[in-house]
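Student: Please take a close look at the metal site of this protein and at the packing around it. I would appreciate one connected account.

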Amino acid sequence: MAKGKVELETQAAAVEELPIDGFDYIELYVGNALQASYYYHRGFGFDVVGYRGLETGDRESCSYALRQNNVHIVLTGGMSPDSPICRHVLEHGDGVKTIGLRTRNARQCYQTALARGATGVEEPAEHEDEFGRFVFASVQTYGETVHAFVERENYRGAFAPGYKPVETVASGTGLTYVDHVVGNVEVDRMEHWVEFYKRIFGFYVYQYFDARDISTQYSALVSKVMANRSGTVKLPINEPYAGLRRSQIQEYLDYYLAPGVQHIAIGTRDIIRTVSELKQRGIQFLTVPRAYYDELPQRVGKIDEDIEELARLGILVDRESEGYLLQIFTRPVEDRPTLFFEVIQRKGARGFGKGNFKALFESIEREQALRGNL
Ligand code: FE2
């Protein structure tokens, strides 16, 4: 029996990987795309680069496409109560609908995924205009979340066909790329989604964290990081683990009312500058106790940054064999305690800040307690 299971895993890992090169964009369904675009523009420093809506002939929905270096975010709102976008917002609050993946061949990704058992959402559609060729298709993943396959190799238009270009003043905060996108799923469902990414996408388990790695006196979670071979797409999957009180993952599920995206980690080359700028713009972050910084030199050894400056900003540090990383987490960015962002700077380290899990989760639990949800 056990032997059979091992063989199955080896077989699953041998599935050829879909030709995916990285993250392309992340789309949120929101209650008011216009106002959300102002938050991401002014707060996070994204430029609005494209718009589609009534003025472009879209009667059902409107979208703002925002960009900062290699990070693209799309904010979409619906126009009527029977719109699937409004229905999504009614049920889940604002949240991530689509994780777009860049590919050299969207049609092949879609057809292979379906042949391997994925559920299709949008069949491959090819657009050709004066800006080039754009191919799009999508499949279902956890909850109501969707993976889009985006082929835009030669496309030079405003974000995607149907969008009109918008020019905004550059206002970046140094965010450069999407490092990873984390999903929360229900208890005992992580393994199902791990198998899904192995079997459909040909991804593999990049790292694994068990309840001992991620636990406090109150709650715990388990997590497996699914990734493509080149490491340009990393998708950790969390599930709650029974603790003394309500796990932060369970709190998410209780408010999102489905599995969904918990956080989006965005990279920077200068986290001190980026976080200083974000704070000045009013983005709110989790805080860590002073004791964390008193213990830091002993835990991580010599680092380039000034520890007092990190303490002032609340930035966390973790050391691994190949280097270290710096990271910080925002408070939830929606009314419900669901989606949040991480800002990360990697200096050789390829992990996820395992040494910070305890401090981070204790920080989350302080906020959960304030919300009456611990
Ligand atoms: Fe993360």
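Tutor: Along the sequence, the residues that donate to the iron ion follow the spacing H-x82-H-x78-E. In this predicted model, the protein donors are His 180 and His 263, each through NE2, and Glu 342 through OE, at 2.0 to 2.2 Å from the iron ion. His 180 belongs to strand S10 (residues 175-184) and His 263 to strand S14 (residues 260-268), so the two histidines tie together parts that are 83 residues apart in sequence. His 180 has a relative accessible area of 2%, and because buried means under 20%, it is buried. His 263 is likewise counted as buried, at 8% relative accessibility.

The packing can be followed from here. The largest nonpolar core holds 99 residues, of which Tyr 40, Phe 149, Phe 201 and Ile 264 touch the most other members. Helix H5 (residues 190-201) supplies the largest share of this core, seven residues. Both domain 1 (20-168) and domain 2 (175-283 + 323-371) contribute at least three residues each to this core.

Leaving aside residues up to four places away in sequence, Phe 201 touches Glu 16, Glu 17, Leu 18, Ile 20, Leu 101, Arg 116, Val 139, His 147, Phe 149 and Phe 196. One of these contacts, Phe 149, is also among the residues that touch the most other members of the core.

How values were computed: Residues numbered from 1 in each chain as written. Predicted model: local features only at pLDDT ≥ 70, side-chain atom pairs only at ≥ 80, totals over all residues. Heavy atoms only, no water. Donors = N, O, S within 2.8 Å, 3.2 Å for Na, K, Ca; no water. Helix = DSSP H or I, 4+ residues; strand = E, 2+ residues; numbered from the N terminus. Buried < 20%, exposed > 50% of the residue type's maximum accessible area, 1.4 Å probe, protein only. Core = buried A, V, L, I, M, F, W, Y, C linked by side-chain atoms within 4.5 Å. Domains from an automatic or database assignment. Contact = heavy atoms within 4.5 Å.
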